[in-house]
Amino acid sequence: MRFDIVTLFPAIFDGYLTQSLLDKAIQRKLVEIHRHDLRDWAADTPHRKVDDRPFGGGPGMLIQVHTTVDCVEAVETMDAKPARRILLSPGGKRFDQPLAEDLATSDRIMLLCGRYEGFDQRVVDILQPEEVSVGDFVLNGGEVAAMVIVDAVVRLLPGVLGDENSCIEDSFSRGNRLLEFPQYTRPREYRGHEVPSVLLGGDHKAIADWRDAQSRERTRQRRSDLLPENKPNN
Ligand code: SAM
């Protein structure tokens, strides 16, 4: 899979791309991540200005339409595969595990990171990206949101995780869409807290039943909106 990240701050991704699972996935050629500095398409050289004041007044600056459209259209041609375009915006569709799973089936994703007060609306009108939000809060820019999406999607790609089953059983995932059950490792007892005995007995059916029950109970207590019976269209 190929990601193209359009940003005014490409260096924000430096550390992230060289760590842990993501670095390994890149080394093993399971994923390519290309960063593109929006300023490289700025008409106003040498200042490389990409923003301007909003018509109608108001605080802050907006990223201009022509620079963004030129950049996205040029980036699009850098690979033969068409890119699924995603514009990061607090006003977008909420990012969640089903969307991550859907994105993981794409060959190529382009992520447009806003800054300042965001993009001129005509960026959306012309480029028709999917607008995606990572939550009901406002970040300074789309870069952290882009990292959230890359991170959640890359771990779903075949071969990235050591055990493919872990991303089926994870919270919210396609196994049952509930929260994950509690997990324990050694020691068996610590400060009077013991590992539940069912996990030590080797009875796989009993362990699976216990985990199912724990997953349901944890979801009921913390996120009852996730239970199938509480889904709006149930
Ligand atoms: N004025 C915008 C609004 O109220 O919707 C917020 C602009 S924000 C300061 C700058 C950029 O950060 C946005 O254009 C977007 O790319 C990114 N951003 C901020 N919060 C986000 C969120 N919750 N999800 C995705 N992107 C976000």
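These are my notebook entries on a predicted model, from the overall layout down to single residues.

**Ground rules**

I number residues from 1 along each chain, as its sequence is written. Because this is a predicted model, I take local features only at pLDDT of at least 70 and side-chain atom pairs only at pLDDT 80 or more, while totals for chains, interfaces and linings use all residues.

**Entry 1: overall layout**

I began with the secondary structure and found eight helices and nine strands in the chain. Here helices (H or I, at least four residues) and strands (E, at least two) are DSSP runs, numbered from the N terminus. Along its principal axes, the C-alpha trace spans about 70 × 40 × 35 Å.

Next I looked up the domains, whose bounds come from an automatic or database domain assignment. Domain 1 covers 2-154 and domain 2 covers 176-230. Their C-alpha centres lie 38 Å apart.

I then turned to the UniProt record, an unreviewed entry, which lists residues 1-228 under "domain: tRNA methyltransferase TRMD/TRM10-type". I keep in mind that UniProt positions are given in the numbering used here, that feature names are shortened, and that annotations may be inferred rather than shown by experiment. Over residues 1-228 I read 32% helix and 18% strand, with the end C-alpha atoms 32 Å apart.

For contacts I used C-beta atoms, placed from the backbone, that lie within 7 Å. Of the contacts with a separation of 6 or more, 75% are between residues 24 or more positions apart.

**Entry 2: burial and the core**

My burial scale also uses C-beta atoms placed from the backbone: 20 or more others within 10 Å is buried, 12 or fewer is exposed, and in between is partly exposed. By that count, buried residues make up 26% of the 234 residues in the chain.

In soluble globular proteins, nonpolar side chains tend to be buried together. I looked for such a core here, meaning a set of buried Ala, Val, Leu, Ile, Met, Phe, Trp, Tyr and Cys residues joined through C-beta atoms within 7 Å. The largest one has 43 residues, and Val6, Leu88, Met110, Leu111 and Leu112 touch the most other members. Helix α6 (residues 142-154) gives the largest share of this core, seven residues.

Which residues does Leu111 contact, leaving aside its neighbours within four places in sequence? I listed Phe3, Ile5, Val6, Ile86, Leu88, Ala146 and Ile149.

**Entry 3: around the ligand**

I counted 19 residues around the ligand, the closest being Leu88, Gly114, Gly118, Gly142 and Ala145. The cut-off is a C-beta atom, placed from the backbone, within 6 Å. Both β5 (84-94) and α6 supply at least two residues of this shell, and the largest share, four residues, comes from β5.

I sorted the shell by class and got eight nonpolar, nine polar and two charged residues. For this, Ala, Val, Leu, Ile, Met, Phe, Trp, Tyr, Cys and Pro count as nonpolar, Asp, Glu, Lys and Arg as charged, and the others, Gly among them, as polar.

The unreviewed UniProt entry lists Gly114, Val134, Gly135, Asp136, Phe137, Val138 and Leu139 under "binding site". I checked two of those positions. Gly135 lies in the loop between β7 (130-133) and α6, and it counts as exposed because it has 11 C-beta neighbours inside 10 Å. Phe137 is in the loop between β7 and α6, and with 7 such neighbours inside 10 Å it counts as exposed.

**Entry 4: Leu8**

Leu8 sits in the loop between β1 (2-7) and α1 (14-17). Is Leu8 buried or exposed? I call Leu8 buried, because it has 20 C-beta neighbours inside 10 Å. Beyond four places in sequence, Leu8 is in contact with Leu38, Arg39, Val50 and Arg115.

Most residues other than glycine have a negative phi, and most peptide bonds are trans.

- Tyr116, not a glycine, has a positive phi of about 55 degrees; it is in the loop between β6 (108-112) and α5 (121-127), and with 17 C-beta neighbours inside 10 Å it counts as partly exposed.
- Phe172 has a positive phi near 70 degrees; it lies in the loop between α7 and β8, and its 19 C-beta neighbours inside 10 Å make it partly exposed.
- Arg186 and Pro187 are joined by a cis peptide bond, with omega about 5 degrees; I found Pro187 in the loop between α7 (166-169) and β8 (189-190).

Key. Contact = placed C-beta atoms within 7 Å.
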